[in-house]
Amino acid sequence: MTLPFTLGHENAGWVEKMGPGATGFAPGDPVIVYGPWGCGLCMSCRQGMENYCQTPGKPSPGGLGGTDGGMADYLLVRATRYLIPLGDLGKRLSEVPKDEPIIVHCKSGGRSAKACDLLRQSGYKNVLNMKGGTLLWSDKVDPSVAKY
Ligand SMILES: [Zn+2]
């Protein structure tokens, strides 16, 4: 890991921009970012189980493959296979780790509250909603966080 390093491996937000060749999402789509990024090539990854990657953390160890995390204005996600449309959360709960704390945030706290309710109703115990979202965070905590 190279310092400085931005923390944040459990993320949700909106697609800002798509990279070359990326498909299936559009700017503005609300998404959850799947955290355990694998190599994408080993048998486990090719079966859709990157959390069991046989060479985890490539190119470097840590959540999100060792890249900077989501406690920043923007998070670079290497592949759309790591994105879960927020509207699909209920159908894809098996991809959200139950044994880790989850903080859900969105622009104003409304959609993240709904996601938290769904997670709690599905047995998730350690779920927190960032009330007021990034708008309040920008007003009260860190004015350098962009409002959008
Ligand atoms: Zn792998």
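## Close-up views of a predicted model

**View 1. The site of the zinc ion is tetrahedral, with angles of 104 to 116° among its four donor atoms.** The protein donors are the SG atoms of Cys39, Cys42, Cys45 and Cys53, at 2.3 to 2.4 Å from the zinc ion. Donors here are N, O and S atoms within 2.8 Å of the metal (3.2 Å for Na, K and Ca), and water is not among the atoms, so sites may look incomplete. Along the chain, the donors of the zinc ion are spaced as C-x2-C-x2-C-x7-C.

This is a predicted model, in which local features need pLDDT of at least 70 and side-chain atom pairs pLDDT 80 or more, while totals for chains, interfaces and linings use all residues. Residues are numbered from 1 along each chain as its sequence is written, and side-chain values use heavy atoms, without hydrogens or water.

View 2. Buried means under 20% relative accessible area, exposed over 50%, and partly exposed in between (1.4 Å probe, protein chains only). Cys45 is buried at 6%, and Cys116 is buried at 0%. Zero disulfides (pairs of cysteine sulfur atoms within 2.5 Å) turn up in a search of the whole structure.

**View 3. Arg120 sits in helix α2, residues 110–121.** Helices are DSSP runs (H or I, at least four residues), numbered from the N terminus. Arg120 is partly exposed, with 39% relative accessible area. Leaving aside neighbours within four places in sequence, Arg120 contacts Val127, Leu128 and Asn129; contact means heavy atoms within 4.5 Å.

Methods:
Helix = DSSP H or I, 4+ residues; strand = E, 2+ residues; numbered from the N terminus. Tetrahedral: all angles 85-135°; square planar, octahedral: opposite > 155°, others 65-115°.
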